[in-house]
Amino acid sequence: MIIDGKMISQSLKDAMKIEVDALAEQYGRRPCLMVIIVGDNPASRSYVRGKIKATEYCGFDGHLVELPEDVSEATLLAEIDKLNNDPLVDGILVQLPLPKHISEDKVIAAISAEKDVDGFHPENVARLWLNQHCILPCTPKGIIELLDQAGVEMAGKKAVVIGRSNIVGKPVAKLLLDRNATVTIAHSRTKDLAAVCREADILVAAVGRAKMVTAEYVKPGAAVIDVGINRTEDGKLVGDVDYEAVLPVAGAITPVPGGVGPMTITMLMRNTIECFLNRMNNK
Ligand code: NAD
């Protein structure tokens, strides 16, 4: 089974569009997402375009704040502070990576935790690991949603996550654990990675190396979630999984493009609605 992230994402966005119209009626305004981009990095520009497009599609308020590559850290922090204090702003996102002269840690911590739609603020990360109410990071949240939509049972299953980054690997592992999977986190120092992966009923690859996961990594019938985004020499977008080789072995698989990627943006929309509701109901 191919898990069609694009289609699932579209139907979730259609439902949110209707929900947002109802929220506007009920609360007298729409959820508002502000996206900040620094500089002209083409990949960042493309991601941001997708986020703004989804914002418009779902009927949110908000817009893009564009700052030049040489903007000072102080100016960026002042811009964030302004948005933190704006009662009509529900979500703030600063597109990463930032230029070297700006501390990403400082910027992430400067965004008010209640408006942190990316779920990267240390307070939200801590709350996730403490099982407290928090804003979940978008890509991990999207992966769990994809597994749910595809009817993949997580409870009691063995899951292997390849990659231990703070934004994908670790939080995905925590969310799978919360769904009662038994989780192994593999990484660049894992010995005999293929054998470790072959144990998995659910295999999540979040590495950033094209076609690294071959058929020998996959237990027949396993659900394979490909988070990787890589460009081949001829500019083609591919994941971490050798899709053609793994497709006949896997029980379910996400394609790249059209799998996890669209879900990440859709979960950003979901988080914006959740931030809006938290703020409106805690006033
Ligand atoms: P990262 O570079 O921070 O982490 C990569 C991880 O892979 C590390 O923990 C490292 O230990 C592990 N690793 C590296 N080489 C390995 C090897 N040979 N064997 C086993 N493990 C190895 O990357 P990240 O931010 O977690 O992103 C991972 C991939 O997911 C990237 O391709 C990124 O572009 C993509 N990504 C996609 C989305 C999406 O929305 N689809 C979102 C975020 C990241």
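Me: Which helix gives the most to the lining of the largest pocket?

Reply: That's α2, with 9 residues. Bear in mind that this is a predicted model.

Me: Which other elements give two or more residues to the lining of the largest pocket?

Reply: The largest pocket is lined by 49 residues, and Tyr47, Ile229, Gly261, Thr264 and Ile265 are the ones nearest its centre. Alongside α2 (42-57), the elements giving two or more residues are α1 (5-27), β3 (91-94), α6, β8 (230-231) and α10 (260-281). The volume of this pocket is about 1600 Å³.

Me: How do you know where the largest pocket lies relative to domain 1 (27-114) and domain 2 (138-261)?

Reply: Look at who supplies the lining. Domain 1 (27-114) and domain 2 (138-261) both give residues to the lining of the largest pocket, so the pocket lies between them.

Me: How does the lining of the largest pocket divide by class?

Reply: There are 26 nonpolar, 14 polar and 9 charged residues in it.

Me: And what lines the second largest pocket?

Reply: The second largest pocket has a volume of about 290 Å³. It has 15 lining residues, and Ile108, Phe120, Pro122, Val125 and Asn166 are the closest to its centre. Helix α5 gives the most, with 5 residues, while α4, α5 and α7 (169-178) each supply at least two. By class, the lining holds 10 nonpolar, 3 polar and 2 charged residues. Domain 1 (27-114) and domain 2 (138-261) each provide at least three residues of it.

Me: On to charges. What makes Glu73 and Lys106 a salt bridge?

Reply: The N to O distance between their side chains is 2.9 Å. The cut-off is 4 Å, so the pair counts as a salt bridge. By this rule the count comes to 16 salt bridges.

Me: How many residues apart are Glu73 and Lys106?

Reply: They sit 33 residues apart, with Glu73 in helix α3 (residues 73-84) and Lys106 in helix α4 (residues 104-110), and the pair links distant parts of the chain.

Me: Why is Glu73 called buried?

Reply: Glu73 has a relative accessible area of 17%, and buried means under 20%, so Glu73 gets that label.

Me: What makes Lys82 and Glu79 a pair, and where do they lie?

Reply: Their side chains meet in a salt bridge at 3.4 Å, N to O. Both lie in helix α3, 3 residues apart, about one turn of the helix.

Me: Are Lys82 and Glu79 buried or exposed?

Reply: One of each. Lys82 has a relative accessible area of 53%, and exposed means over 50%, so Lys82 is exposed. Glu79 comes out at 16%, under the 20% limit, so Glu79 is buried.

Me: How do you know that Arg127 and Glu123 form a salt bridge?

Reply: The N to O distance is 3.8 Å, which is within the 4 Å cut-off, so this pair counts as well. Arg127 and Glu123 both lie in helix α5 (residues 122-129), 4 residues apart. Arg127 is partly exposed at 29%, and Glu123 is partly exposed at 40%.

Me: Which residues are linked with Lys141 in a network of salt bridges?

Reply: Glu19, Arg270 and Glu274 are linked with Lys141 in that network. Lys141 is found in helix α6 (residues 138-149).

Me: Why is Lys141 called buried?

Reply: Its relative accessible area is 12%, under 20%, so the label is buried. Leaving aside neighbours within four places in sequence, Lys141 is in contact with Leu136, Leu175, Met267, Arg270, Asn271 and Glu274.

Terms used. Residues numbered from 1 in each chain as written. Predicted model: local features only at pLDDT ≥ 70, side-chain atom pairs only at ≥ 80, totals over all residues. Heavy atoms only, no water. Buried < 20%, exposed > 50% of the residue type's maximum accessible area, 1.4 Å probe, protein only. Contact = heavy atoms within 4.5 Å. 1 Å grid on protein atoms, 1.4 Å probe; cavity = no way out; pocket = protein on both sides within 12 Å on 5 of 7 lines; lining within 4 Å. Points joined across faces, edges and corners; volume = space filled by probe spheres on them. Nonpolar A, V, L, I, M, F, W, Y, C, P; charged D, E, K, R; others polar. Domains from an automatic or database assignment.
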